[in-house]
Structure formats: structure tokens, C-alpha cells
Amino acid sequence: MNPSPDNTLIVFIIIAFALYSFSRYVKYNLPGSSFIKNKIGRYLMYGKLNPIYQPYLYQYFPVLNKLSETERLLFESRVQKFINMKTFVSRGNIKQITPEMKALIAGSAIQITMGYPDVYFSHFRTIIIYPDVYYSRLTKHYHNGEVNQLGVIVLSWKSFMEGFRDPRDGVNLGYHEMAHALKLENIVDNDEYEFFDSSIVNQFEKEAIKEMQKVKESTEETSFFRKYSATNLNEFFAVAIENFIERPTEFKAYNINLYLLLSKILNFDLLELSPYTV
Ligand SMILES: [Zn+2]
């Protein structure tokens, strides 16, 4: 006997409700540490990554090969959720947004929020991708990328990919722009608000001012952080995050205090590999 369309709908609703209730149960009632419960609960709630994105994630985010199975699944499902939440818009001669673009942009966002698994840059709903550097009528300059207060992230795809070409040089436009977005997300009054510890941010900024002075005084070759980091505290924060992800060992050896403060702000440390601690 074939079920009628009405019955199929009811069965579907019951199954969906049961899955939702089970995931809530796992998250809040299962015995065991909250660390494990949260991870399983989130995974069940966010769902599985579309396999089309998987190869790009594993190619460009080496951290995935160092995580436990559960942590990898969480990273993947967070990437899927980020992709689902955003509208990707192409400009210029980009004919279509490819899975690679979505995977790498979402992956950059999830990489820097490993310590904040509930943060999805919710203020930023639109991601605009230009093929190359683009002209801004506002600043009258060409840009590689920007994060705009109205909730738009703009990226040059060419510059974005250049950031991933050398994964160990501490230069990565994706992490840079996501760092700006994360800092703005922290001050925009929404459901993702003030997740940074402000006293740690203050300590970080005091140390950052000293570093920016060193950058200004040194030649390009002798400073750990590149010249652009001395522009202002926001740019320093973004450049520091690029280095925190791409060359953590060198960063820590160079200035352990600054490194540890940044790892407290971001709530994870790639050298300790203890993400998702909340
Ligand atoms: Zn910047």
C-alpha cells in the first residue's frame, strides 16, 4: 500500500521533529562532559557537509588533518552552515560562484572561529567576489578586499587565492578580512555580541602598539609583521591573525606574550590543538 501524500508529509514532520529532539537531548541531557555533548549536539543540528566542498577544505586547511574525527565533522558542518547562511554574489567576469569559492571563503571564516563554534558572522549576510582588485568609488583606490559595516564582505578572488598559494608565509587575504569581520561582529549588537574578553583585548592592544612601533622603525626585512600592520590597531589585529594561523610556531617564538594573548582572544591555539573548548 502506497502512503498518500498527506501521510508522507506527516511522517516527514515526525521524523524531522524526532531528529531535532534527539539532537537537543544529546546536547543538553546526555551524560558526559559538556565538551563532547556540545560537539555531537552541534554536528547533529547543523548537518553534514555537501561532499562537493570537501576536497577544497582538505587541500587548503591543513588543520583538518590534525583534528579528531568529531572535531573534523564539526568543522565541516560549520562550513556548511556558513555557506547556507550567506549570499554569494559574483562581479565582473566571474560567471558563477564555484564550490571552491564557497568552500575556501567559508573555511577561512570557520578556521578563525574554531574557538567560537556558535559564531557565524551573522551581521555579514552578503559576500561579493570580484575577479581581481576592484576600484572603490568611496576611497578612490583599488582594493583586494574589504569588510563593510553594512554587512558585506568584498573579496578579490585573485588576491584571495594568492593568500593560499603559500600557506606558511603569514599573508592571507581570507583570514585578514575575516579577522576584520570578526572584530566588527563582536561590537555589533546582535546575537553574536561581545564574545571577546575586553580586558584581554586591552592587553593585546598595549602589546600591539609596541610591535607597531617596532614595525615602523624597522626595514621590511627585519620586522616579523609586515609594514602594513602598523597602519592602525585594526590592521595589526588582522595581520596578527594571518600569522597566528599560517605560522604559529614562528609567531610564538617571536613574541610569546602577544601570541598567547591572541590565542586567548580567539579561544584556540593551533599549537595546542585544543579547539572547541567552550
Ligand atoms: Zn585590513
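Modeller: One term before we start. Two residues are in contact if their C-beta atoms, placed from the backbone, lie within 7 Å. Among contacts in the protein chain between residues at least 6 apart in sequence, 67% join residues at least 24 apart.

Biologist: Good. What sort of model is it, and how do the numbers run?
Modeller: It is a predicted model: local features need pLDDT of at least 70, side-chain atom pairs count only at pLDDT 80 or more, and totals for chains, interfaces and linings use all residues. Residues are numbered from 1 along each chain as its sequence is written.

Biologist: What is the mean pLDDT of the protein chain?
Modeller: The mean is 88, and 87% of the residues reach 70 or more. pLDDT is the predictor's confidence in each residue, from 0 to 100.

Biologist: Where is the pLDDT below 50?
Modeller: Over residues 30–34. Beyond near neighbours in sequence, that stretch has three contacts in the model.

Biologist: How many helices and strands are there in the protein chain?
Modeller: The chain has 11 helices and six strands. Helices (H or I, at least four residues) and strands (E, at least two) are DSSP runs, numbered from the N terminus.

Biologist: In what order do the strands of the open sheet come?
Modeller: Four strands make up that sheet, in the order β1-β2-β6-β5, with mixed pairing. Two strands count as paired if DSSP finds at least two bridges between them.

Biologist: Which strands stand at the edges?
Modeller: β1 and β5 (145–148). Each has a single partner strand, so one side of each is left without a neighbour in the sheet.

Biologist: Take me through the pairs. Do β1 and β2 pair in the parallel or antiparallel sense?
Modeller: Parallel, with four bridges between β1 (residues 87–90) and β2 (residues 126–130). The chain gets from β1 to β2 through helix α5 (residues 99–112), and this β-α-β crossover is left-handed. A right-handed crossover is one where, with the strands pointing away from the viewer, the path from the first strand over the helix to the second runs clockwise.

Biologist: Which residues face each other there?
Modeller: F88 stands opposite I127 in β2. V89 has I128 as its bridge partner in β2.

Biologist: How many bridges join β5 to β6?
Modeller: Four, and these two strands run antiparallel. N148 stands opposite V152 in β6.

Biologist: Which helix lies across β2, β5 and β6?
Modeller: Helix α6 (residues 157–165), running at about 75° to β6.

Biologist: Switching topic. How much of the chain is buried?
Modeller: Buried residues make up 37% of the 278 residues. A residue is buried if 20 or more other C-beta atoms lie within 10 Å of its own, exposed if 12 or fewer, and partly exposed in between; C-beta atoms are placed from the backbone.

Biologist: Which residues touch the most other members of the largest nonpolar core?
Modeller: V79, I112, I241 and L262, in a core of 63 residues. A nonpolar core is a set of buried Ala, Val, Leu, Ile, Met, Phe, Trp, Tyr and Cys residues joined through C-beta atoms within 7 Å.

Biologist: What does V79 touch?
Modeller: Not counting residues up to four places away in sequence, V79 touches L49, Y53, L57, A103, A106, G107 and I110.

Biologist: L262 is one of the buried residues of α11. What do those pack against?
Modeller: They pack against α5, α8 (198–217), α9 (233–246) and α10 (248–254).

Biologist: What comes just after α11?
Modeller: N267, with a positive phi of about 70°, although it is not a glycine. Most residues other than glycine have a negative phi.

Biologist: Is N267 buried or exposed?
Modeller: Buried, because it has 20 C-beta neighbours inside 10 Å.

Biologist: And K140?
Modeller: K140 has a positive phi of about 60° and is not a glycine either. It sits in the loop between β3 (134–136) and β4 (141–143). K140 is exposed, with 7 other C-beta atoms within 10 Å.

Notes:
Axes are lines fitted to C-alpha atoms, for helices over the stretch in contact, and angles run from 0 to 180 degrees between N-to-C directions.
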